[in-house]
Amino acid sequence: VGSAKESTPRHWGAKAASLVHHVVVGLSSTYYLLKEYGTALYKVATGLDKSAALFLVNKPSPAATIFADLSIGYPFAVSYMLYDMLVIDTWETDVALMAAHHLFAITLWPISSNLGYYQSWVLWFLSTEVSSIFLAFRWMLSESDRKRTPAYALNGLIFTGLFISIRVIPIPVWSLSYLLAPSPTEVHPGFTEVPRYATWCGYACLIPLALNAFWGYKVVIGFIKSANEFFSHDENPTK
């Protein structure tokens with residue numbers, strides 16, 4: 001098997017699978033996040049509304065239930081994570097961190113779906129895969145010798161803008177939501193009380209906030225570096 005820097009059919013297949021996952025899960029999750037929880041997020045952001053924050057924690061997502069029944073959505077996302085772990089040799093960077101991220105997702109998402117708590121958080125995590133659509137495009141453009149083209153530069157601009165917009169900028173809103181309502185309060189059908197491990201899921205939700213902040217920093221630094229290289233190449237075409 002070739003290294004991540006040597007594109008093979010295996011690498012292209014892995015990137016194609018990633019692209020399908022990011023499009024299907026990212027776009028559908030974004031739609032349902034805004035449809036089911038958009039108003040509550042707005043109230044938390046603009047008025048520090050505790051009832052809205054509790055709504056984000058307590059309210060199950062009908063979309064998640066539908067996705068589970070149809071064997072897409074969360075199971076689809078978890079299945080993709082398992083597949084992605086099997087093609088770990090095609091990853092480019094941060095292998096240990098990404099492996100930990102995948103294991104975290106594989107564990108948390110089904111628990112949240114089963115309990116019905118923190119569904120808004122999981123939908124947000126899944127919706128952030130929209131930015132990864134352009135990460136896959138970046139790899140494909142690079143491996144097609146189009147790294148110094150306007151298409152590559154435009155793709156990088158879109159990727160960076162989306163990453164910051166949907167992964168980093170919302171962090172204060174979700175942080176405020178957690179501070180206002182750190183634990184579930186409603187007892188869902190099938191339970192006589194709020195399970196203690198449901199609160200542990202809330203602690204786990206804070207981990208992606210830190211990861212997205214860290215990755216956001218790396219994305220901005222990488223974009224600045226790529227932009228400097230691109231314009232440097234334009235000014236020095238013989239290099």
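Student: Why is Leu48 called partly exposed?

Tutor: Its relative accessible area is 49%. Buried means under 20% relative accessible area, exposed means over 50%, and partly exposed lies in between, with a 1.4 Å probe and protein chains only. So Leu48, at 49%, counts as partly exposed. Leu48 is found in the loop between α1 and α2. Helices are DSSP runs (H or I, at least four residues), and strands are E runs of at least two, numbered from the N terminus.

Student: What kind of model is this, and how are residues numbered?

Tutor: This is a predicted model, with residues numbered from 1 along each chain as its sequence is written. Local features need pLDDT of at least 70, side-chain atom pairs count only at pLDDT 80 or more, totals for chains, interfaces and linings use all residues, and side-chain values use heavy atoms, with hydrogens and water left out.

Student: What is the mean pLDDT of the chain?

Tutor: The mean is 84, and 88% of the residues reach 70 or more. Over residues 67-73 the pLDDT is below 50, and this stretch has nine contacts in the model beyond near neighbours in sequence. pLDDT is the predictor's confidence in each residue, from 0 to 100. Contact means heavy atoms within 4.5 Å.

Student: Is Asp145 buried or exposed?

Tutor: Exposed: its relative accessibility is 73%, so Asp145 passes the cut-off for that word.

Student: What makes Phe134 and Phe137 an edge-to-face pair?

Tutor: A search of the whole structure finds nine aromatic pairs. In this pair the ring centres are 5.8 Å apart and the planes stand at 75 degrees. Rings of Phe, Tyr and Trp (its six-membered ring) pair if their centres lie within 6.5 Å; planes under 30 degrees apart count as stacked, over 60 as edge-to-face and the rest as tilted. So Phe134 and Phe137 meet both conditions, and the pair is edge-to-face.

Student: How are Phe134 and Phe137 placed in helix α7?

Tutor: They are three residues apart in helix α7 (residues 130-143), so about one helical turn separates them. Phe134 is buried, at 19%. Phe137 is partly exposed, at 31%.

Student: How do you know that the charged end of Lys59 sits over the ring of Tyr37?

Tutor: The charged end of Lys59 is 5.7 Å from the centre of the Tyr37 ring. The rule asks for NZ of Lys or CZ of Arg within 6 Å of the ring centre and within 35 degrees of the ring normal.

Student: What makes Ser61 and Glu36 a polar contact?

Tutor: Their side chains are joined at 2.6 Å. A polar contact is a pair of N or O atoms within 3.5 Å; within protein, one must be able to donate a hydrogen and the other to accept it, and residues adjacent in sequence count only if both atoms are side-chain atoms. Ser61 is buried, at 0%. Leaving aside neighbours within four places in sequence, Ser61 is in contact with Glu36, Tyr37, Gln119 and Leu123.

Student: Why is α6 called largely enclosed?

Tutor: Nine of its nine residues are buried, so the rest of the structure largely encloses α6. Among them are Trp121, Leu123 and Trp124. Trp121, Trp124, Phe125 and Trp174 form one aromatic cluster.

Student: Which residues have the most contacts inside the largest nonpolar core?

Tutor: They are Leu108, Trp109, Trp121 and Trp174, in a core of 37 residues. A second, separate core of 12 residues includes Phe134, Trp139, Phe159 and Leu211. A nonpolar core is a set of buried Ala, Val, Leu, Ile, Met, Phe, Trp, Tyr and Cys residues joined through side-chain atoms within 4.5 Å.

Student: Why is Ser29 called buried?

Tutor: Its relative accessible area is 1%, so Ser29 counts as buried. Ser29 is in helix α1 (residues 9-47). Beyond residues up to four places away in sequence, Ser29 touches Leu123, Leu126 and Ser127.
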